[in-house]
Amino acid sequence: MANSKAVFKRDSGLQARMLLTMFLLGLLYVGFAGVLFAAGAGAAVMAVVIGLFALAQLFFSDKLALASMGAKEVSPEEAPGLHAMIDRLCIQADLPKPKIAVADMDVPNAFAIGRSQKAATVCATTGIMRTLSPAELEGVMAHELAHVKNRDVLIMTVVSFFASIASMIMQFAFFFGGGGDDEDGGLPFIVVLLASALVYVISFFLMMSLSRYREFTADRGAALTTGRPSALASALMTISGAMQRVPETDLREAERMNAFFIVPASVKGSIKTLFSTHPPMEKRIERLQALEAQLQAA
Amino acid sequence: MGFFDALLGGGKKLKTAAPDRLFAMTTAYVAMETELDMKTTGAAGIVFQPLATSDFEQILRDTQELLAGTAEETGTALESSDDEHGYRWIILRDPDFEDLVVAMNTVSTELAAGGYGDRLLAAVFAFEQKGRRVHFIYNYKRGAFYPFVPSGGEQRRDSEAEMRIKAQLSDEGIPFEPELTRWFPLWDIPL
């Protein structure tokens with residue numbers, strides 16, 4: 001028998017779709033860059049400025065996100081169980097130890113942030129630690145560590161770069177009323193504005209779908225790390241059930257953090273899949289069950 | 001991890017056990033005993049995630065039988081227990097350190113040969129130095145050792161002592177884990 005058993009098969013369908021999404025995004029951005037450069041140097045300057053913003057976001061967003069959640073970093077003495085659990089998951093997933101933070105709120109959720117594996121922070125709410133059993137919590141933390149391992153924060157930041165340029169241009173347009181029409185050969189401002197709007201809308205949907213693919217991948221990574229797909233599935237069920245019982249104020253407060261949460265805290269209940277950063281719960285559980293079946297059959 | 005692995009969401013497999021370097025312990029033990037007054041407690045353990053699959057249970061039983069067979073010559077005792085984190089420990093006891101390392105190697109090779117090398121978390125050797133416990137933890141995925149010295153009290157470790165031990169044994173051929181962020185503690189080691 002081979003040294004390592006392929007307990008879980010590759011999910012090449014998922015990877016193909018992810019690759020296609022990235023390709024479409026790339027194509028869109030190349031086209032958009034073309035329009036920007038045709039419009040003149042002003043746009044290039046803007047791109048540099050926004051590039052700097054993106055860098056700043058990459059370096060400071062983790063602290064901002066933690067602060068907005070009221071999350072505090074905890075030492076091993078303060079949260080011994082959580083630390084011990086993550087220590088073992090890190091050995092198993094071959095990751096350096098991330099910072100661990102706890103947010104004192106009832107919404108049962110967890111998220112991972114940080115631009116690199118070394119600068120990562122994993123955060124859990126007190127709600128999730130109360131609600132889930134140890135095995136379920138382990139599944140959730142493994143999911144967050146899979147995000148760290150897959151560099152999802154970095155990838156989503158890079159991917160959203162041109163989308164932010166597009167939205168910036170639209171905001172500028174509102175400020176100046178489209179007055180900056182240059183007559184010396186460049187594209188009229190209205191064309192750039194329309195292109196920006198189009199790029200923003202299309203990239204929004206592509207990014208949402210990319211984010212959903214990466215959630216599936218993180219679920220898979222978690223199942224791989226813990227060897228217990230069903231524990232994560234059961235955690236997802238518990239969380240989605242508990243999400244509806246918590247006070248609405250907390251949910252709205254949590255809304256800002258949706259992109260990095262394990263389950264989006266939606267006030268409305270059901271949003272259209274197209275608009276959401278996370279795949280529907282049933283789909284995730286379905287795939288986890290398929291993984292459990294593979295594991296048992298191996 | 002390659003670029004495309006990162007782009008598409010990580011390698012699809014866990015890292016399997018790195019080339020076995022458990023025997024580095026045997027050679028280093030001479031210096032540990034004579035120079036650092038660090039003596040084996042006669043116990044060592046392998047900690048891993050037990051999978052809830054039938055062939056995994058079978059491999060575990062086979063391994064235990066295999067060890068029980070050789071134990072008659074060497075006198076190595078074997079027991080297993082589950083800890084509160086959901087991991088399983090196979091604990092080996094033998095006053096002869098060399099036999100202990102051989103038995104540790106047998107167990108990890110068996111599990112790896114069964115295809116479950118990626119489930120191995122760590123191998124732990126317990127020593128006693130001046131009345132306190134010193135552990136050497138072997139991270140299978142990294143193929144590296146690091147010392148772990150709990151200093152009593154809730155989740156406290158003596159990092160100073162750990163780094164000193166590493167420095168003192170730097171010439172003994174132990175492959176030490178270079179990154180301190182990967183010196184993961186294991187609390188409540190049942191050894």
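In this predicted model, the axes of helix α5 (residues 134-149) of chain A and helix α8 (residues 189-226) of chain A come within 7 Å and cross at roughly 120 degrees. Axes here are lines fitted to C-alpha atoms, for helices over the stretch in contact, with angles from 0 to 180 degrees between N-to-C directions. Helices (H or I, at least four residues) and strands (E, at least two) are DSSP runs, numbered from the N terminus. The angle makes α5(A) oblique to α8(A), because angles under 35 degrees count as roughly parallel, over 145 as roughly antiparallel, 65 to 115 as roughly perpendicular and the rest as oblique. Contact means heavy atoms within 4.5 Å; the residues in contact include Ala142(A) of α5(A) and Ala218(A) of α8(A).

I turn now to chain B. An open sheet of 6 strands has the order β2-β3-β1-β4-β5-β6, with antiparallel pairing; strands pair if DSSP finds at least two bridges between them. Strands β2 (77-82) and β6 (144-148) of chain B stand at the edges, each with a single partner, so one side of each has no neighbour in the sheet. The twist averages 25 degrees from one strand to the next. Strands β4 (residues 120-129) and β5 (residues 132-139) of chain B are joined by 8 bridges, and Ala126(B) has His135(B) as its bridge partner in β5(B).

A note on conventions. Residues are numbered from 1 along each chain as its sequence is written, and chains are lettered from A and ligands numbered from 1 in the order written. Local features need pLDDT of at least 70, side-chain atom pairs count only at pLDDT 80 or more, and totals for chains, interfaces and linings use all residues, while side-chain values use heavy atoms, leaving out hydrogens and water.
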